[in-house]
Amino acid sequence: MAYIAMTTGFVLILIGLYGALTNRNILRMIVAFTVANTGVNLVMVAVGYLHGRTAPILDAAVPVAEAVARIIDPVPQALVLTAIVIGVGVTALMLAYAYKLYESKRTLDISAFKDLKW
Amino acid sequence: MTLLIAMSLLLSVTIVAAALLAIRGSQSLAISILAAGLVSLLASVQFLLLAAPDVAMTEAAIGSGLTTFLFFFVLGRVRGGEHD
Amino acid sequence: MISRFFVILLLFGLAVVFSGLMAGYSPDEVLNLSARYYAEHTAQDIGAANIVTAIIVTFRGLDTLGEVTVLFLTAAIVGLVLSHGRREGRGLERELPPAGELLSTGTRLLVPLILLLGAYVFVNGHLTPGGGFQGGAILASAILLLLLTDPLRRISHRLITAIESTAGLVFVGIGVLGIFLAGGFLDNRILPIGSLGALFSAGAIPIIYSFIGLKVGAEFSSMLAHLSETEDL
């Protein structure tokens, strides 16, 4: 089952990158980046999955003595938690910049912003 | 094929379909944003099937909820730029 | 604009790299060394039932400190970038109809419940799935409901900034306290560990996570408040 999730994650990354490279509207590019972000998180969590085991929480289902034999890898989950929160922070920053760009030139087409191009 | 694998496959097919809907350039922007929110929500269910409840909760609350709200806030402010 | 052919070529190259990665991947049979260490030593050293929480707050607490810093920078930059868009004293130019009866009564009922749920999620972060980040997002959604009902409401930025700075300061203060009273930075043994599964167990983890939850909730609320105070272009 980890294979299915990993394949989905990689396909989402490719779809998101395609959308970010071919769309011209800035908001659509940000939506595509969000999709690619979700794909990366899916791949990382899928790496930590071990077959037939359960979540890393010690309660009635997983007593302390058999924890090593019953839980999956908890480290990728901790990393992905951080990644999701920072991802939404970066999305908020991109949206704030999109708003200011619209305010300065009244258009959201990326080919209208050529000031930094040589 | 066990139930888990069947559910995983169904979720994956729906996620890829929603992602393709989200990046189509000819779709209206509101539908693209909602499709991205749907991708995030289905990914949260996939996280639960991968035995990661913490990550599922975080993705549902932050990735699906807050990101869609942020998009719609900004979309409401830039009326007119969305048809470029 | 980059022509579509080169885009497809680039994505095809990436797909070849990804399939190479997937071909070399085989799922593990047993836990690797660091995961085994965390699984064996969490219950007696840290006392938290949720191993992911123990990793985030104590074992890899410096990563959480970095993440909190990045979030703080993000909220500050969003406030800075959007602050010049609003000219004070001009007010809103179009008349907004008042919110319906259903929305205002529902808001009054739901906002305390949502705040309670958020507080429950981050206080119980060491026992059940949950924790500071999820609880903070739930708190921010309560503020979002208030903003949706009454878009002209002025959420006091001073209060949000005060909550955020105080919570961040207390978080770092508890970490430094760990250096003097226990093993190192962000060590949770400054308070007694207690028994596994009780509410007041795992040392200082509930306190640390509560302050992280308040800080994250305040930051998301400040981002939402800044975005909703921008002018309608």
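This is a predicted model: local features need pLDDT of at least 70, side-chain atom pairs count only at pLDDT 80 or more; totals for chains, interfaces and linings use all residues.
**The nonpolar core**
- The largest nonpolar core contains 119 residues.
- Within this core, A:Val35 and B:Val39 are the residues that touch the most other members.

**The contact between chains A and B**
- Chain B contributes 42 residues to this contact, and chain A contributes 42 residues.
- On the side of chain B that touches chain A, at least two residues come from each of α1 (3–23), α2 (29–49) and α3 (53–77) of chain B.
- The element giving the most to this side is α3(B), with 14 residues.
- By residue class, the side of chain B that touches chain A has 27 nonpolar, ten polar and five charged residues.

**The contact between chains A and C**
- Here 38 residues come from chain A and 43 residues from chain C.
- The elements of chain A that give two or more residues to the side touching chain C are α1 (2–22), α3 (67–70) and α4 (75–105).
- With 16 residues, α4(A) gives the most to that side.
- The side of chain A that touches chain C consists of 28 nonpolar, six polar and four charged residues.

How values were computed
Residues are numbered from 1 along each chain as its sequence is written. Chains are lettered from A and ligands numbered from 1 in the order in which they are written. Two residues are in contact if their C-beta atoms, placed from the backbone, lie within 7 Å. Helices (H or I, at least four residues) and strands (E, at least two) are DSSP runs, numbered from the N terminus. Ala, Val, Leu, Ile, Met, Phe, Trp, Tyr, Cys and Pro count as nonpolar, Asp, Glu, Lys and Arg as charged, and the others, Gly among them, as polar. A nonpolar core is a set of buried Ala, Val, Leu, Ile, Met, Phe, Trp, Tyr and Cys residues joined through C-beta atoms within 7 Å. A residue is buried if 20 or more other C-beta atoms lie within 10 Å of its own, exposed if 12 or fewer, and partly exposed in between; C-beta atoms are placed from the backbone.
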